[in-house]
Each structure stands twice: as C-alpha cells, then as structure tokens.
Amino acid sequence: MRTSKNTVRSTQKKVSGKKSSSSKKVKARSTKSLKKELWELCKKVVRARDGNTCFICGKTPLDGSGWHTGHLHPSSVCGAYLRYDVRNLHSSCYNCNINLGGNGAAFLLKLEEVYGKEFSQAMIKDKNVILKADFIFYEKKIKEFREISDWDKDKLLDYTRTFRERHPPESYM
C-alpha cells in the first residue's frame, strides 16, 4: 500500500508537541544552487585578491555592475575544472570582459607578466581537462573557497601561484 507524503508527515512522531529531530527531512540541494553559491564565493575571493582594479587594462576603481570576475578561458568552453579555478579568474572591467569578449590576448600577456610563462602554459594545458562536475565536486569546491575567503591579498596571490601543485586535475577525478 502506498502512502502519500502528507500521510507520512502526519504520522511522524511528535515530542512535546513538536516533530522530533530524527523525523525532519533534509532537502537535497540542487546543482543549480551549489553552482550559484560557488560562483559567489569565487567572486569574493577574486575581488579580495585583485582589488577593484581591472587585471587586464588596469582601470580603477571598479564597482557595482562594472566590476566583473572574468575568465581567461571562457566558462562556456573550459569545463568545470577551470571554470572555478582561481588561476583562470581575475577582476575585470565591463569593457574588457563584455565589450572585448574577455580581452584574451591582453589577459594572457598580463598573466605571464604577473605569474610567469609556465603558469599560463599550465592553464592552457588544463583547458582540456575533463572531469565530472557532480554534487561532490561542487561541495568540495565550496568548502575550499569558504576556507580561503577571508585570506589577505598576499596569501591569495600565493595560493593562486601554487594552485595547480596543490590541486592537480587528478585530485578531482
């Protein structure tokens, strides 16, 4: 015999007029909500690291809707590994990110200037990394970004420089 959800709820044990904690149902989070939370944490970390200056052209101050978090490798083609990778994310102005489509050539030159050629070459190689972005992946990334979200600029820059060493693609597979 099948019971409806309402029947199940009405037959749950009550303790002191309240449902017992063991009978509470935990609603699973959707992938969409995990992605949204992760993206907000990414923006917070990138803005703390880069400040309100466009990484690409140097425009300052950035604020409001003119302050973007841009990808060197666009999120539409890079896959989940680079989509939320701090190496691939930097503060950018509206003009560089939207009008110039990310200003990829200038972005790459700036990355090489700040972090070195090996750094940018590793990112280009990682563009082809394919991994399954499931619930566990998003939870792991959210936890990681929560841990670093209150770090200062210098610590975040060091984290960015050494990201791949600590988080090789294989660690997500």
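Reader: Why is phenylalanine 119 called buried?
Author: Phenylalanine 119 has a relative accessible area of 9%, and buried means under 20% (exposed is over 50%, partly exposed is in between, with a 1.4 Å probe and protein chains only). The value of 9% therefore makes phenylalanine 119 buried. One thing to keep in mind is that this is a predicted model, in which local features need pLDDT of at least 70 and side-chain atom pairs count only at pLDDT 80 or more, while totals for chains, interfaces and linings use all residues. Residues are numbered from 1 along each chain as its sequence is written, and side-chain values use heavy atoms, with hydrogens and water left out.

Reader: And why does tyrosine 115 count as buried?
Author: The relative accessibility of tyrosine 115 is 13%, so tyrosine 115 counts as buried. For the protein as a whole, 39% of the 173 residues count as buried.

Reader: How many aromatic pairs are there?
Author: Rings of Phe, Tyr and Trp (its six-membered ring) pair if their centres lie within 6.5 Å; planes under 30 degrees apart count as stacked, over 60 as edge-to-face and the rest as tilted. By this rule there are seven aromatic pairs.

Reader: What makes the pair of tyrosine 115 and phenylalanine 119 stacked?
Author: Their ring centres are 4.4 Å apart and their planes stand at 25°, so the pair is stacked. By contrast, phenylalanine 137 and tyrosine 138 form an edge-to-face pair, with 5.3 Å from centre to centre and 80° between the planes. Phenylalanine 137 counts as buried at 4% relative accessibility, and tyrosine 138 counts as buried at 3%.

Reader: Which residues do ring pairs link into a cluster?
Author: Phe55, Phe107, Tyr115 and Phe119 are linked into a cluster by ring pairs.

Reader: How do you know that the charged end of arginine 47 sits over the ring of tryptophan 67?
Author: The rule asks for NZ of Lys or CZ of Arg within 6 Å of the ring centre and within 35 degrees of the ring normal. The charged end of arginine 47 is 4.7 Å from the centre of the tryptophan 67 ring and sits over that ring. Lysine 155 gives another case, with its charged end over the ring of tryptophan 151 and 4.4 Å from the centre.

Reader: How many helices and strands does the secondary structure come to?
Author: There are nine helices and four strands, taken as DSSP runs (H or I over at least four residues for helices, E over at least two for strands) and numbered from the N terminus. From the N terminus on, the order is α-β-β-α-β-α-β-α-α-α-α-α-α.

Reader: Why is strand β3 called largely enclosed?
Author: Five of the five residues of β3 (residues 67-71) are buried, so the rest of the structure largely encloses this strand. Trp67, Thr69 and His71 point one way from β3, while His68 and Gly70 point the other way. In a regular strand the side chains alternate between the two faces of the sheet.

Reader: What makes β3 and strand β4 a pair?
Author: Two strands pair if DSSP finds at least two bridges between them, and β3 and β4 (residues 89-93) share five bridges in the antiparallel sense. Among the partners in β4, serine 91 bridges to threonine 69 and histidine 90 bridges to glycine 70. Strand β4 is likewise largely enclosed by the rest of the structure, because five of its five residues are buried.

Reader: Why is α2 called roughly perpendicular to α8?
Author: The axes of α2 (residues 31-50) and α8 (residues 153-161) come within 8 Å and cross at roughly 110°. That angle makes α2 roughly perpendicular to α8, since angles of 65 to 115 degrees count so, while those under 35 are roughly parallel, those over 145 roughly antiparallel and the rest oblique. The axes are lines fitted to C-alpha atoms, for helices over the stretch in contact, and angles run from 0 to 180 degrees between N-to-C directions.

Reader: And what is the relation of α2 to α7?
Author: α2 and α7 (residues 135-148) pack at an angle of about 25°, with their axes 9 Å apart. That makes α2 roughly parallel to α7.
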